[in-house]
Every structure is written in C-alpha cells, then in structure tokens.
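The following explanation is meant to be read alongside the sequence and the coordinates. Please keep both in view.

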Amino acid sequence: MKLPATYNNTILDKIFQKFPILGKILSTLFGALELPFLEFFRRIDTRFHIESMEFLNRRILKGRWGGRVIPLNINLYPETCFSPTEEIIEIIKRSNITGISYCYCRNIQRSTSTPNCDHPLYTCIHVGFGKSLYEIPMKSENLKKVSKDEVIQLLEECDERGLVHQLIYFPNPQFYYVICNCCPCCCVLLSKFLKQGSPQMIKSEFIAITDDSLCSKCGNCIEWCYFNAREFHKDSLMLNIEKCFGCGLCISKCPNKAIKLKRKSKYILQ
Ligand code: SF4
Ligand code: SF4
Ligand code: SF4
C-alpha cells in the first residue's frame, strides 16, 4: 500500500519502503503486543488521572500507530478504480485469516461501566498473523475460528450497524496488522478523534458524492456521518470534502442509493 500523499515521509519510512520486510516484522510484533500495551497505559491513566496515552498519541506515535479508514467496496461509480490494497474484501481474500478476536475497546468499556452500545465483541480481523494468531498470549484466549466467507459476512453486518472499518497500522500506514470495526463511542482511535481531534486516524482515498436527482432529502446520511461532513444548507445537501473520511457509511444508510464513492484526487489536490 502506498503512503497517503499527505503523509510525511521520513528517513525511517524510506528505509521501510526499501526493506518492507522490516516494516512487516515490526507491524506483526506490535500487533502481538498491542493489547498489553493499551492496557498498561489505560491503567496508568486511570490510576493517576492523567492522559499519558493521549500524550503518546500526539507526540510520539503520530503517523506511526493508528487507523486508516477503508470503505467496504460497494456502490462505486463504474470508473472508480480501487487498487487491491484499498479493497477490504480483496485484502481478506489475500490474507491468511484463521480467526477473529474480541474488540479490546468495547470489552474494556463494558467491563468498567454501563455499556455504551450493543455492537458485537468479536470484530477484530487479524490479517497479518495467520495460524500463529493461536500462539499469541491474550489473543489466543479470545479467538474465534472463522472462514473467509464468515469474515465477509461480519464486515457486512458491521457496515449495517454503522461501524467504521479501519486498517490498524504500525510503524507507518503502509503496514497494517488488523482490520477493526469501530464504534464512535468506545473506540480508542475514533472516539478520541471525534472528542479531542487525536491525530491517529487517516482518511481513505475516497469521498462520498451525492446524485442530487436521486436524493429525497431524508437526512439519513447526515445523521450517520460521524465526521459531520454532510449538512443541509438552504435546502441543498452539501458535502464538506475536507471533513469526509470516505468511510462509506452514508452509502449504506441512503434509502435511494443516491451516494457513491469517488476517488478524492479527482476533486481536491492533496
Ligand atoms: S480499534 Fe475499533 S474494533 Fe479495534 S479494538 Fe478498538 S473499537 Fe474495537
Ligand atoms: S460523508 Fe461522512 S459518512 Fe459519508 S463517506 Fe464521508 S465521512 Fe463517511
Ligand atoms: S440519505 Fe440519501 S436520500 Fe437521504 S438525504 Fe442523504 S443522499 Fe439524500
């Protein structure tokens, strides 16, 4: 996967580009250690009432760890070409997925207070590990064996529920280890972005364009856009291109099939 055009290429990233195996190893290692890492900082923050994770996100992990939004490849304009690394289903087909594990964010939220939502717990699709997933402590205990068809079914269910699909990456957005299905209420990345503007989330390469002739102005898409990219202005539906993450959720929620994803570069210069 190419780095986003807006991504700040450092010497380190150039090294990873030249020797991708290094990035893959680091990504796999980080993926294996992610749960204890998140839990360590959560406990520190709870114990001392500080925001160490937020500090880490903004100052140290920015551009190194986070989520890159990826839409489910439906409702494209025929001329919108997805590259294989932008197609979520293609990524699933090429990967060695053997299991899905539970969602850390929703699990922690539910174990510490009244549940925020009723979204499923088993939604984390580990693309980078294959069979070795069963050997990773903490992941193996909470693993469900699934077929690729079941994974695709899960993605469609998550889409219907309004969950945002993200490729979680480390040590830069080229290298991802898990496909997450995130809710705006519990997700350590999405909820922090929406509440505090944490810089961990990266937009997809697409934006959602509406065909006005099909739009009945029901307002569903506005209600479902977590990023506030849509609004009515003088009775017209407007899209704020800068705010659109290309998640594709408004597409699933439009009763008239009036919205489609188009490649962003055709509309704005990055
Ligand atoms: S990033 Fe999203 S899917 Fe992954 S653990 Fe957090 S909320 Fe769950
Ligand atoms: S308009 Fe909102 S819901 Fe639609 S793709 Fe953009 S960010 Fe997602
Ligand atoms: S959901 Fe579809 S029909 Fe409703 S306002 Fe949005 S684009 Fe128009």
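Is E157 buried, partly exposed or exposed? With a relative accessibility of 37%, E157 counts as partly exposed, where buried means under 20% relative accessible area, exposed means over 50%, and partly exposed lies in between (1.4 Å probe, protein chains only). E157 forms a salt bridge with R161, and the closest N and O atoms of this pair are 3.4 Å apart. R161 is likewise partly exposed, at 27% relative accessible area.

Two remarks on conventions are needed here. This is a predicted model, in which local features need pLDDT of at least 70 and side-chain atom pairs count only at pLDDT 80 or more, while totals for chains, interfaces and linings use all residues. Residues are numbered from 1 along each chain as its sequence is written, chains are lettered from A and ligands numbered from 1 in the order in which they are written, and side-chain values use heavy atoms, with hydrogens and water left out.

The salt bridges may be taken next. A salt bridge is a side-chain nitrogen of Lys or Arg within 4 Å of a carboxyl oxygen of Asp or Glu, and the structure holds 7 of them. One of these joins the side chains of E39 and R42, with an N to O distance of 2.9 Å. The two residues are 3 residues apart in helix α2, so about one helical turn separates them. Helices (H or I, at least four residues) and strands (E, at least two) are DSSP runs, numbered from the N terminus. E39 counts as buried, at 13% relative accessibility, whereas R42 counts as partly exposed, at 24%.

A further salt bridge links the side chains of E205 and R68, at 3.0 Å from N to O. E205 lies in the loop between β7 (201–202) and β8 (206–210) and R68 in strand β1 (residues 66–69), so this pair ties together parts that are 137 residues apart in sequence. Both E205 and R68 are buried.

A nonpolar surface patch of about 830 Å² is made by I11, L12, I15, F19, I21, L22, I25, L26 and L29. Patches are made of residues with over 30% relative accessible area and no salt bridge; like charges are joined within 9 Å, and nonpolar side chains (Val, Leu, Ile, Met, Phe, Trp, Tyr) within 5 Å. The accessible areas come from the Shrake-Rupley method with a 1.4 Å probe, and for residues only the protein chains shown count as cover. Helices α1 (11–18) and α2 (20–48) each supply at least two residues of the nonpolar patch, and α2 gives the most, with 5 residues. Within helix α2 is found I25, which counts as partly exposed at 46% relative accessibility.

The ligand site comes next. Ligand 1 is surrounded by C103, Y104, C105, C124, C180, N181, C182 and C187, where a residue is near a molecule if one of its heavy atoms lies within 4 Å of it. Helix α5 (104–112) and strand β6 (176–182) each supply at least two residues of this shell. Strand β6 gives the most to the shell around ligand 1, with 3 residues.

Some backbone details remain. Most residues other than glycine have a negative phi, and most peptide bonds are trans. Against that background, the peptide bond from F170 to P171 is cis, with omega near 0 degrees. P171 is found in the loop between β5 (164–169) and β6. K217 is not a glycine, yet K217 has a positive phi of about 60 degrees. This residue, K217, is placed in the loop between β8 and α8 (220–224) and counts as partly exposed, at 40% relative accessibility. N228 is not a glycine either and has a positive phi of about 55 degrees. The place of N228 is in the loop between α8 and β9 (230–233), and N228 is exposed, with a relative accessible area of 54%.

Finally, strand β4 (residues 143–145) contains L143, which counts as buried at 17% relative accessibility. The C-alpha atoms of L143 and G99 are separated by 6.1 Å, although the two residues are 44 residues apart along the chain.
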